[in-house]
Structures are given as C-alpha cells and as structure tokens.
Amino acid sequence: MTWRGAFLRQAVFEGRMWKKLNREQSAPWARLHFLQMLTEKLAKGFLKAEDSTEPPAHTHAQFVVFLQTIKTNAYFKRRLGFKDTKTFKAYIKSLLRLAQKIEDLAPSIAGDFSPNAEYPWFDRTTNQIHVPAEFLFDEFDFKSRQMIKLVQFIECLLLLAE
Amino acid sequence: MKKHIGKQAREELNGAHAKVKSVEKQARELAAEHLEEDDEIEAVYWFPSKKEVRLIEVQENVPKNLDKAIHPFYFGPMPDDNHPWTTAIRIIRSDEFGKLKLPKSWGSWKSAVKLGAAG
C-alpha cells in the first residue's frame, strides 16, 4: 500500500467513527477531535502523489493547505460536480474559515494555552486549566450552515477516498 | 354516539399534537435562520415527521451528491435554543431535487413542504 492510500484509508475509518459519534450526538470534544484528525489524514493522503515513497510531513497543518491547493484543481472540480472554476473557488473559499478553526484544534497548533480537543490547556484570561471532555466548545455551532456545508464537503472527500 | 376519552388519553393526544406542531415550528425557525444566514440558499423544504426535523436546502454552488442518495447531517436537540428535536439536514442542488434517494423513513419527494425561498 502507498502512503497516500494508507492515509486515505485511515481517514475513511476515522470518518465512520466521526459519523457514529455525530449520529449519537456525542460530546463536542469527541466530534471535534475526530473531525480534526480525519481532515488532517484526508489532506495528507490527497496531497501525496500516488507513487510517492516518502511519508507525509509531520505537521498537523494540512487541511487548509489542501483546500487552497484544490481551488484550481481540475480533478476535484470535476469529481465534485462543478462546471466552472470561479464557482468552485468561491465554494472552497467559503469553507476556509471554519476549516482553519478545526485545523487549529490540533494540540501542536493550539499549544498549551488555547482550546484543543485532546489535551488539557491553561486559559491565561481566567487562570484556569480546562479539560477538553468538559469544555463546551461554544464557538463551534454544529447547527450552523457553515458546519453543515463543511461536513457535507468532508463526506464527499471521504467518498472519493474510498 | 359521542365518544368519551379519558383524561390521560386526551392529554396524550394533546401532547402528540403539540409535538407535531413543535417539530414544524422548529423546522420553520431553522429554515428562517439559515435563509437569513446564507443568501445563496434558494429554497428550504421540510419533510413532515413526528420524530425529528427533516430539512432539504437547495443551493447551486455545492458539490453534487456523489452516490445519488440523501445522507443527512444530524444534530441533536438544543434545549437552550428552544430546539427540542433532533434535526436531519442536507444541502442539495436544484437539479437533484426529486431525483436523489431519500432515507427510508422520509417518504417520497411529494411530501416535501416548501418552508421558504430566497428573496
């Protein structure tokens, strides 16, 4: 198996787990944790050439790079059913803000002082240590149109990855 | 002959009726919220159910549904927002309306009720 295939395969499994958590209305941290992980794997997989023998870079910041990359990519435009580049670019652009917020949830990006969905962190403004599993992640509104749009896009990518 | 029903049965009936109304109310509120939030939505349709809110939103610039089936995105009840019902929602293109396979319990496309449209 190639690195590309392996990362996409892992993303598909994490995607199934995410769907299960979402269907069961699991706590925000669990859903966000899987969303962050699976988008990272999808990006790393799709960004790798089919015949590459090098593993992807050890960085968690890949999903937004991937979105920026596919804005002008004919394969993704066609497979996702877009006819013109301008519309496709505008659509991808509309996902970037929330995609960035999800990417920023990776512990190595969030650091010790910002919310992430995996490790406790220290909030400098309140001088409190927070536990992800008990944190509400209020800024992520699962019923917002942005979230619904992004999730649908991710589901399309998962279908392409299968 | 006039049919008498007990207090409990009457309350259950009223409760069921209230629930149906409440599902519709939540559906209408969400439709209005999304239409206001995103001016690219062309229309919002509701599939009546007593169990959950089921919405289809029509918008042109979204990916086509690759497997020709509706796989709704679910989000749970949000009592704080006065949304007591689970919501199932999917965004589709206008040329997919009436063509995609609906989830089993949703019935047919004919049961879709238009809740709102752009403009």
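## Confidence in the model

Chain B has an average pLDDT of 82, and 82% of its residues reach at least 70. These are scores for a predicted model, and for the complex the predictor gives an ipTM of 0.76 and a pTM of 0.82.

Over residues 1-6 of chain B, pLDDT stays under 50, and the model has one contact beyond four places in sequence for them. Residues 9-20 of chain B also stay under 50, with three contacts beyond four places in sequence.

## Two helices of chain A

Now let's turn to chain A. Helix H1 (residues 3-23) and helix H2 (residues 28-47) of chain A have axes that come within 8 Å and cross at roughly 160°. Angles over 145 degrees count as roughly antiparallel, so H1(A) is roughly antiparallel to H2(A). The crossing of H1(A) past H2(A) is left-handed.

Which residues meet here? On the H1(A) side they include Phe7(A), Leu8(A), Ala11(A) and Trp18(A), and on the H2(A) side they include Phe34(A), Leu35(A), Leu38(A) and Leu42(A). Charged residues take part too, among them Arg4(A) and Glu14(A) in H1(A) and Arg31(A) and Lys41(A) in H2(A). The residues of this contact between H1(A) and H2(A) comprise 12 nonpolar, four polar and five charged.

## Where the chains touch

How many residues does each chain bring to the contact? Chain A brings 19 residues and chain B brings 18. On the side of chain B that touches chain A, the elements giving two or more residues are helix H1 (7-37), strand S3 (73-75) and strand S4 (87-92) of chain B. That side of chain B is made up of nine nonpolar, five polar and four charged residues.

Definitions and conventions
Residues numbered from 1 in each chain as written. Chains lettered and ligands numbered in written order. Predicted model: local features only at pLDDT ≥ 70, side-chain atom pairs only at ≥ 80, totals over all residues. Axes fitted to C-alpha atoms, helices over the stretch in contact; angles between N-to-C directions. Helix = DSSP H or I, 4+ residues; strand = E, 2+ residues; numbered from the N terminus. Parallel < 35°, antiparallel > 145°, perpendicular 65-115°, else oblique. Left-handed = near helix turned anticlockwise from the far one by under 90°. Contact = placed C-beta atoms within 7 Å. pLDDT = per-residue confidence, 0-100.
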